[in-house]
Amino acid sequence: MHTRLSRSILCLTALTVSQAFADPAAPGRTDSFDFGWKFSRFGAMPDGSTLPEPAGATGSIHADSSEKANPAAHAIDGDPATRWCAADGKEGHHLILDMGAETSPKTISIDWEKKLAHRFLLEGSADGKQWTAIADKRNGSANEARDLVPATGTHRYYKLTVFGTGNGNWASIRELALIGANGKTIAPVVPPGALAKDPRSPLFNDAEWRTLDLPHDWGIEGPFRMDLPNETGKLPWEGIGWYRKTWNVPADAQGRRFFLDFDGVMARPKVYINGRLAGEWKYGYSSFRVDITPYLRYGEPNTVAVRVDNPPESSRWYPGGGIYRHVWLTETAPVHIAHWGVYLRTPQVSTQQATVEIDTTVANTSGKTVTPVVVQEILKPMPRGNISSPTQDNSRDAINGQQVVARAESQGQPVAPGNDVIVAGRLTVSNPTLWDTENPHLYTVRTTVKIDGKTVDTKLTPLGIRSVEWKPDGFYLNGRRVELKGVCQHSDLGPLGTAVHTRGFERQIEILKSMGANSIRMTHNPPAPELLDLCDRHGILVIDELFDMWRELKKPNDYHQYFNDWHERDLVHLCRRDRNHPSVILWSTGNEVHEQYNRKPQHLETSRRLTALFHREDPTRKVGVGCSIPESGYNGFGDTFDVLGYNYKPWEYKNFSSKRPGQPFFGSETSSCVSSRGEYFFPVDWDKSKGFFNFQVSSYDLYAPGWACRPDIEFAGQDDSGKVAGEYVWTGFDYLGEPTPYNRDATNALNFSSPTEREAYMKKLQELGHRAPSRSSYFGIVDLCGFPKDRYYLYQARWKPEQPVAHILPHWNWQERIGENTPVHLYTNGDEAELFLNGKSLGIRKKGKADDDRYRLVWNDVAYQPGELKAVVKKGGKPWAEQTVRTTGDTEKIVLATDRTTIAGDGRDLSYITVTLRDKRGDIVPRSKNELTFQIDGPADIVGICNGDATDFTTMSNPEKKTTMHINAYNGMAQIILRSKRNASGQANLTVSSPGLEGAKADIRIVPDTSKP
């Protein structure tokens, strides 16, 4: 019995599959559906070529001319947001549609991209050779976005020739549809034998396709390519992917309901069951359910096929591609708890008593009216356990021998077939242990639905008892003001891409908590469910964000195309999925949306509607928006939601709290300081536009793009205001794409430290279409590997005032700078520090209110000499912290540090190994970049490698190289990530070598997967 606790779905009685199916009214279950898929790519391929989809996948249509991103298939894909567009503006380009058999439509509908007087000729043919005119509009049609043409005759082939509009517009059609007398679209007939060529069909032969397990991100498999945009990581995420899987449904399962639950598919998935379209979605970050019951064949194999379409120009950062989150197969009784159908609230909370309100939505898909009885029980405590496997049954201990601290039984209203009913329950918990950032205590709610005394469904849902409140002077948790020490996070896991790895998320949280962070803003889209589970368990506060844009586009093919038709569905799915998480403290409807300028009346209405929808679905939480212009707080936009987020406006905090004293606010994106780990450029200039050389950024933490600032300025804005709730630094981790300041390709030719390099790179950039090599961000407080940059300790000093911190920068290996000025900065939470070079004092610096001593201590005039730098820090006149940095010797050996030496053999669990290059004394050699070879033997694979260099084009995750990979170290460090093999146990042996160096070995123990029953 496999369950997923975050889904709150549990089969409480240990039934075999056949036993469960034998009784249609037995409780339901959810199993992982991740393993054993077949996969193949089409369209834009990783090597830059184009591979057509198998025949039948997109319908029988072709054009004499098409743009790469807008093929003929888009004209019949049923999606009004896509289009066919000719490759040039010449007149006479045409589409030919083969219906597979003769058809007699009543009307032919042509949806154009633009509302214009289009000139076209529509013809029909029996053989595709001899054509008969159906409608001749070469003199121009009405000025419409849709032309409805009365059809004449019976034809198999339909040809639409476009002669333009007379003003230079290219041929561009969104949809071409044949409408029958019943008003429905006529689907093309699939000829006999064609099904074997159609990946939707069970008859399709996918034997030559690749076998893989989900989650899967096809883009991270590379290769990095210079010709691809660095804005989205220079990775080949664009394209079309097909996933197929065959499984058996027992004959006695008839009467049960079956669903496929997708946590996220990038992007625009269409789900086919046995060749029939069962469901689809548009937003790649949304979780959604597909009811597959009507399409199943009982007692025989069933095939699911998922078509994924990732168009170009659809994202501002690396989005990944494919079924990158988990998939679940859920089966239920005809009467069952609806999807995300348990809603928990804690309206009254104190340490003496808490009230818990629970609404349960019961769905009736049976053929008769039923009256459900719902039993709610609160269990204590919630087990923690190892959560590396998404299918493990963490909940069995919670229902066997655990204390029931509250119980309520409620009878719902009679519910007719095909309807739902909400059954309300109210419970009281005495002396509750409250959920808090310091003690994230979780209870479990067990919800049981009974019909005529028989249990038909049961679910477990984690419960954190806590209160949250946003006030004009900050954020309050359980009545206590809590400073939000937050970071913004994109969805990728660096070398693992966007594919969900629970351990990867957990490691990120551990690193952030060690820095002192207590919150994450999920930018700019719904996160993976596992990440929220982890935030619940680790006490991380969450701002759950929905969109990066609304109706106004940021990229030509982004979500704005679907906003009108899909925004409510996506909002409802996010809210109902996530509203039980105690970690979620605020809904965010958007980020830097263009509607914030309030240029049109509908801009404010859009924001009001989104806020109202969130309040409808979850009245317990406030709603906010991340705004990038000061005017958004005063032009009426800020009145359309509850809590205002300012992006990069520390100088506005005092002004806002004065002019808008009743509205809570916070720094929704802050600083955007940029740096490369271990890189330092001289002379050191405090001008934030300096420090950019050789496609790296100096790590003195003084540099930022035009809209941004170094951390010190943000700190001052908060401290001088006193009422801002806190901040969310952009970003916690480096991420793929958006390599500011090198994301404007052709403008980067001057970012070189020598004329020779500048001349060489200008020539290279010209040859490559003026594209810079940077492929990942420099914003992170930690790099793409998760290795802390210098800034990490600046934030740690601020966010963990009780922990002594002293961090010196730069490193002290500057043989070429002997006698030259080499400024030294110190990050500390002490009051004062004395700096020594080779035992000689360089003076005492004290914290003050000046620009360079309020949050860091600086010795600007240090003549470099090899040896030892030592900082001695005091606080309140007493010794507080010390740090020593010394000049190293030559690189002599490799040292490995493993974060976990024992992992589960579930095919999911990860071990991160840090590789450092050290001298004879054991010090990391900070400028070493030696080539490294990784080799693994035993029950584990190499799933990722990285070094933190934003310009390194080494493929980081290569499914064809699971046992041996190579990468250069970057400034003394690199990383390898191992993943256990499924159903495996034993010892995995890792060897790391480099020419001329003493190698290193690490052993990882793989233990049996205890999550299985």
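Reply: Helices (H or I, at least four residues) and strands (E, at least two) are DSSP runs, numbered from the N terminus. Under that naming, Gly279 is in strand E17, which covers residues 276-280. This is a predicted model, in which local features need pLDDT of at least 70 and side-chain atom pairs count only at pLDDT 80 or more, while totals for chains, interfaces and linings use all residues. Residues are numbered from 1 along each chain as its sequence is written, and side-chain values use heavy atoms, with hydrogens and water left out.

With a relative accessible area of 15%, Gly279 counts as buried; buried means under 20% relative accessible area, exposed over 50% and partly exposed in between, using a 1.4 Å probe and protein chains only. Apart from residues up to four places away in sequence, Gly279 touches Pro269, Lys270, Val271 and Val290, where contact means heavy atoms within 4.5 Å. Tyr243 is 36 residues from Gly279 along the chain, and their C-alpha atoms are separated by 15 Å.

A nonpolar core is a set of buried Ala, Val, Leu, Ile, Met, Phe, Trp, Tyr and Cys residues joined through side-chain atoms within 4.5 Å. The largest one has 156 residues, and within it Tyr243 and Ile273 touch the most other members. There is also a second, separate core of 27 residues, with Ile358, Val415, Val456 and Ile465 among them. In soluble globular proteins, nonpolar side chains tend to be buried together.

Burial can also be followed along a helix. Helix H10 runs over residues 791-799 and is mostly covered, with eight of its nine residues buried. Those buried in H10 are Arg791, Tyr792, Leu794, Tyr795, Gln796, Ala797, Arg798 and Trp799. They pack against strand E31 (484-489), helix H3 (502-515), helix H8 (711-721), strand E40 (726-729) and strand E42 (824-828).

One of these partners can be described further. H3 and H10 pack at an angle of about 60°, and their axes are 8 Å apart. Axes are lines fitted to C-alpha atoms, for helices over the stretch in contact, and angles run from 0 to 180 degrees between N-to-C directions. H3 and H10 are therefore oblique to each other: angles under 35 degrees count as roughly parallel, over 145 as roughly antiparallel, 65 to 115 as roughly perpendicular and the rest as oblique. Ile511, Ser514 and Met515 of H3 meet Tyr792, Tyr795, Gln796 and Trp799 of H10 in this contact. By class, the contact of H3 with H10 holds five nonpolar, two polar and no charged residues. Here Ala, Val, Leu, Ile, Met, Phe, Trp, Tyr, Cys and Pro count as nonpolar, Asp, Glu, Lys and Arg as charged, and the others, Gly among them, as polar.

Another helix pair is H5 (residues 563-578) and H6 (residues 601-617), packed at an angle of about 30° with axes 10 Å apart. That angle makes H5 roughly parallel to H6. On the H5 side the contact includes Phe563, His567 and Leu571, and on the H6 side it includes Arg609, Leu613 and Phe614. Eight nonpolar, two polar and five charged residues make up the contact of H5 with H6.

The backbone has some details of its own. Most residues other than glycine have a negative phi, and most peptide bonds are trans. Gly222 and Pro223, however, are joined by a cis peptide bond with omega of about 5°, and Pro223 sits in the loop between strand E13 (210-212) and strand E14 (239-249). From Thr523 to His524 the peptide bond is also cis, with omega near -10°; His524 belongs to the loop between strand E32 (519-522) and helix H4 (529-538).

Two residues have a positive phi without being glycine. Asn431 has a phi of about 45° and lies in the loop between strand E25 (420-430) and strand E26 (443-451). At 55% relative accessibility, Asn431 counts as exposed. For Tyr648, phi is near 60°, and the residue is in the loop between strand E36 (643-647) and helix H7 (653-659). Tyr648 has a relative accessible area of 6%, so it is buried.
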